[in-house]
Amino acid sequence: MRKTVIATLLVASTAASAQNLLRQTPAQATEKSRGCLTCHQGIEPMHASAAVRLGCTDCHGGNASALLKDQAHIQPRNRDLWKTSANPPRTYTALLEESPEFVRFINPGDLRVARETCGTCHSKQTAAVPRSTMTTSAVFWAAVSYANGLTSQKRA
């Protein structure tokens, strides 16, 4: 019973968030990108459709009203690894030690946070992806082996 109530509340919350984003005006979306675009000039829009009005912080989080990088960006827990705002080449499991807010900031499509970011509007897709065969280790190793010439066929 309790799980059903929680699931119902999550669905209602996601639907309400999606409705808020769908009703967002271009001015509201622009305001959620204002500080971001002072440094990140010329960045391409995530959605080319004029019907989708999203600001940077709708997906990435952060503080769009800040003009200083340290105030605008979500800060990592492990500052020795993330010395700049660029992603280091090999984070491996270090990302597991970071906060969901930081993961969202650097990659809103990461499956650990996609339900809260992309799932607001794309709930069916974000519910389906974790159950996809593309997220299983068997498919991963088969694809890696095939792509690197270790096997002549993809068998998973």
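The protein chain contains 8 helices and 0 strands, where helices (H or I, at least four residues) and strands (E, at least two) are DSSP runs numbered from the N terminus. This is a predicted model, in which local features need pLDDT of at least 70 and side-chain atom pairs count only at pLDDT 80 or more, while totals for chains, interfaces and linings use all residues. Residues are numbered from 1 along each chain as its sequence is written, and side-chain values use heavy atoms, with hydrogens and water left out.

**Exercise 1.** Describe the order of elements in the protein chain and the extent of its burial.

*Solution.* Step one is to read the elements from the N terminus on, which gives α-α-α-α-α-α-α-α. Step two is to turn to burial: of the 156 residues of the protein chain, 22% count as buried, a class that means under 20% relative accessible area, as against exposed at over 50% and partly exposed in between (1.4 Å probe, protein chains only). Step three is the surface, where the protein chain exposes about 11,600 Å², with carbon and sulfur atoms supplying 58% of that area; such areas come from the Shrake-Rupley method with a 1.4 Å probe, and for residues only the protein chains shown count as cover.

**Exercise 2.** Work through the salt bridges of the structure and state how accessible each partner is.

*Solution.* The structure holds 3 salt bridges, each being a side-chain nitrogen of Lys or Arg within 4 Å of a carboxyl oxygen of Asp or Glu. Side chains of opposite charge can pair when their charged atoms come close.

1. Asp58 pairs with Lys32, with the closest N and O atoms 2.8 Å apart. This pair links distant parts of the chain, since Asp58 belongs to helix H4 (residues 56–60) and Lys32 to the loop between helix H2 (26–31) and helix H3 (34–39), 26 residues apart. Asp58 counts as buried because its relative accessibility is 13%, whereas Lys32, at 27%, counts as partly exposed.
2. Glu31 pairs with Arg34, with 2.9 Å between the closest N and O atoms. Glu31 is partly exposed at 43% relative accessibility, and Arg34 is partly exposed at 46%.
3. Arg112 and Asp110 meet through their side chains at 2.6 Å, N to O. Arg112 is partly exposed at 43% relative accessibility, while Asp110 is buried, with a relative accessible area of 11%.

**Exercise 3.** Locate Thr117 and decide whether Thr117 is buried or exposed.

*Solution.* First, Thr117 lies in the loop between helix H6 (100–106) and helix H7 (123–128). Next, Thr117 counts as buried because its relative accessibility is 6%. Finally, leaving out residues up to four places away in sequence, Thr117 touches Cys59, Arg104 and Pro108.

Key: Contact means heavy atoms within 4.5 Å.
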